[in-house]
Amino acid sequence: MLRFVLKRTADAILTAFLVFSFVFFAMRLLPGDPVIAMLGDRASAETIANVRASLGLDKPLPVQYGEFLWGLLNFDLGTSLINRASVTETMMRNLPYTIALTIASTIVGIVIGVPLGVLSAMRAGRATDHATRLGSLFGSALPDFYLGVLFLLLFGLTLRWFPLLGGGDNAFDLRYLAMPAFTLGLLKGFGMIRLTRTAVLDVAGRDYVRTAEALGMSRQNVVWRHIFRNALIPVTTHLSLSVIATLGGTIAIELVFNRPGVGQLLVGAVTSRDYTLIQGGIVILSVLVVTINFLTDLLYAVIDPRVRAA
Amino acid sequence: MKLWGKRLLLAAATAMVLTGASVAQETMNIRLGARDIGSIDPALTKTGDDETVVLQVFNSLVTPPRGTMDMNLENLQPQLAERWEISEDKTEWTFYLRPGVKWHKGYGEVSAEDVKFSYERQMDPALGGVHGASFKDIESIEVIDPLTVRFTLKSPNAFFHASALTPGFGRFIVPKKAVEELGDQFGFAPVGSGPFEFVEYRPQDRVILKAFDDYFLGRPPMDELHLRYIPDNNAATIAFIAGELDSSGGERTPQWVEQIQQAAPDANIITMEPGSLQFLHFNMTVPPLDDVRVRQAIAYAIDRDVWEEVFGILHGDLTAIVPESFYGALQTADIPEELRYDYNPDRARELLAEAGFPDGFSIDAIISERDDYLTNMLMVQDMLRQVGINVNLQVQDHATYHANIREDKGTIVELSTAIAPTAPAVINEFLSEAAAVGKPSALRNFSHYGEIGGNVDDLVLQAVGETDTAKQMELLKEAQLQILRDVPVFPLQTAPLVSVMQGDIDLGYEPISGFGQHEFATARRVSE
């Protein structure tokens, strides 16, 4: 197990380094310029040159790259090119909102998706199954921003159950979290229903399940010990991917509910070519993603002893 | 008995008003469309939303009549300066400051030293602000006494007030002591002399300002302003309809206006002229745009009436490059028939044939994906196709587009932009030789006018230094007619800025023209 952990840690560090370097150069290869984006379209060529120099953007690329790596080693992600706010602080202010949304929506997704998926599989071919599958198919086709606006109109504007704007002072404030988490969770749930159903059906057809049944094990025992546990493996993979996607990509939900979060922060940073904020943001996110992958791998090892041996 | 009853009622009403006023905290929620603060140091503002905050916190030396951009020197109003003297040749501008104007947070009183500092810090390129270019005419600033300051200009300039003294774009007075003490922090927690003082900045959420009790024009009726960062238009519209916002900028689409009119019938929709100037630059270094007949053909092929039909109240006429409401603008009535370029596709085809393109031609062009750019360009593309001109559009993101046109990669370049409201400001920025792209002094002249295809720099320079108003107007008129003859640009329209305010808010003045920022010094809530 220790060797497994060490190997995965080394992989994780290498992956993170490659991501940082890629982002650093990719951003600078993009056309567009942070100074023009920042100064609006009013500045003269002279002013643009001055500001570029004052931000250190006129230095050769390798020098900038070196400074970036040196900063990383010192845990210094620099300040935003646009408003000179600390990148670490800005990210750390937004990250809790994203994490809260990720956790809450994932829980909603699991609570909706897994039981319905199992139910659908157990009743495969019957009316319940058809209804669930149709419902989940329809649901997955809904765009998140559309569902979000619908919720906003219904629960926010008409019923006035939840505040319309913002994320609250505390990222985990349920009044502000409820609508976005439910929107996103519902969509996750729809996907999870179909995935769970397929996984359960797949396992249910395996030889060892038939053997267990032939040996006269109780139905409940077969379902929970043999089918469900094995079906969890693809479901866990899907969950970790879904968590990763939510960490970086809930831009639409954040915008619709005007909720702080890293998604809209980074999209804004790309639009304004705020190199330092993008780099810093990606560094923090990729560390998080690599950690989640690492934890998922460990979790596999716990769920499935075969992985440990590999 | 009757009399007593009336008196009692009156007393009761008075008591209610008094207690009501002292108990209820009046807060106004104002939407800002940006994601976050750029800087609210007036010298370093980045967005129109930064300007909105700054306008509540700071003052300028002088101001146009409230709610307007009237830059006629005779209509100039006092603000921090209570009076002024301008030398005969318009090179020395002396301002006498209002005594006893207090800075927020106990930073003392506004002095001539502060005025000098406010300008000089921006004239230093090391500061990294964009507004410094507006002050390049200043030779020196002299403190005569604590309440008197004199600007000496490099050359006579009758428009100095419009480019350097009235509110907006860095032309605010800041307290020297506070700027020096607070350093970078001044951009997040500024100190001014205006109607509202800074209380708190919550990143990506809001800026909170409170009424300044010692404001020299009287304490504002609103106790607090919450200026809230809400980038998404849908979110803001829903919040406005729900009453969570008192004021919000709007989308410049007729659909949005209709939506608000239906969902919030009491709300006031405010449009402010001229908003953005939208026009095409023809890059005259790129054939066949170097041929004036081709440029004229394009002008004749575009039907500007369509913009009026499509945009309704969100449209303003722009026949020549300077909007009619700007000081020194050529009035449409003074434009001879043949220079108005009214829609005439037949004439366009004739001109194309004369220029050697009887079957039209194809040209590549880049354009920003931003609505105000792309929509116009698609309309133009469609109209030009009718006369045989095929524009191959490449759509780019906004930052990329702006970087590219500054590298002279544009052919037919569209702009949608605000600018100081005078004729010389418009011409100097978009059509002077010095402003041509590629020069170190480049501003936004993407046509290279002045370098090639004609030049009106001398006419404008004379006009700016001219002390006789009638002569000055004549010179500016000639310059604008010459531009119409040479067609380095083709004006499409002005797009007024639109905002919406709850029906129970009274701004205390009528907003007619401006850059889209409202000033809330006299805003109050009225019972309906």
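Because the model is predicted, local features are reported only at pLDDT of at least 70 and side-chain atom pairs only at pLDDT 80 or more, while totals for chains, interfaces and linings use all residues. Residues are numbered from 1 along each chain as its sequence is written, and chains are lettered from A and ligands numbered from 1 in the order in which they are written.

Chain A contains 14 helices and zero strands, where helices (H or I, at least four residues) and strands (E, at least two) are DSSP runs numbered from the N terminus. Its C-alpha trace spans about 85 × 55 × 30 Å along the principal axes. Of the 310 residues in chain A, 39% are buried; a residue is buried if 20 or more other C-beta atoms, placed from the backbone, lie within 10 Å of its own, exposed if 12 or fewer, and partly exposed in between. Among contacts in chain A between residues at least 6 apart in sequence, 74% join residues at least 24 apart, a contact being two residues whose C-beta atoms, placed from the backbone, lie within 7 Å.

The predictor's confidence in each residue is given as pLDDT, from 0 to 100. Chain A averages 85, and 97% of the residues score at least 70. Within chain A, confidence is highest in α5(A), at a mean of 91, and lowest in helix α14 (residues 305–309), at 67. Where pLDDT is low, the predicted coordinates should not be read in detail.

Axes here are lines fitted to C-alpha atoms, for helices over the stretch in contact, and angles run from 0 to 180 degrees between N-to-C directions. Helix α5(A) and helix α13 (residues 275–303) of chain A cross at roughly 55°, and their axes come within 9 Å. The pair is therefore oblique, given that angles under 35 degrees count as roughly parallel, over 145 as roughly antiparallel, 65 to 115 as roughly perpendicular and the rest as oblique. Residues that meet here include A:Met91 and A:Leu95 in α5(A), and A:Gly280 and A:Ile284 in α13(A). By class, this contact has five nonpolar, five polar and no charged residues; Ala, Val, Leu, Ile, Met, Phe, Trp, Tyr, Cys and Pro count as nonpolar, Asp, Glu, Lys and Arg as charged, and the others, Gly among them, as polar.

Helices α9 (residues 207–214) and α10 (residues 219–248) of chain A pack at about 155°, with axes 10 Å apart, which makes α9(A) roughly antiparallel to α10(A). Among the residues making this contact are A:Tyr208 and A:Ala212 of α9(A) and A:Val222 and A:His226 of α10(A). The contact of α9(A) with α10(A) has five nonpolar, one polar and one charged residues.

Turning to the two chains together, 42 residues of chain A are in contact with 40 residues of chain B. On the side of chain A that touches chain B, α3(A) supplies the largest share, six residues. This side divides into 20 nonpolar, 15 polar and seven charged residues. Helix α3 (residues 45–54) also holds A:Ile48, which counts as partly exposed because it has 19 C-beta neighbours inside 10 Å. A:Ile48 and A:Ala121 are 73 residues apart in sequence and 62 Å apart in space, C-alpha to C-alpha.
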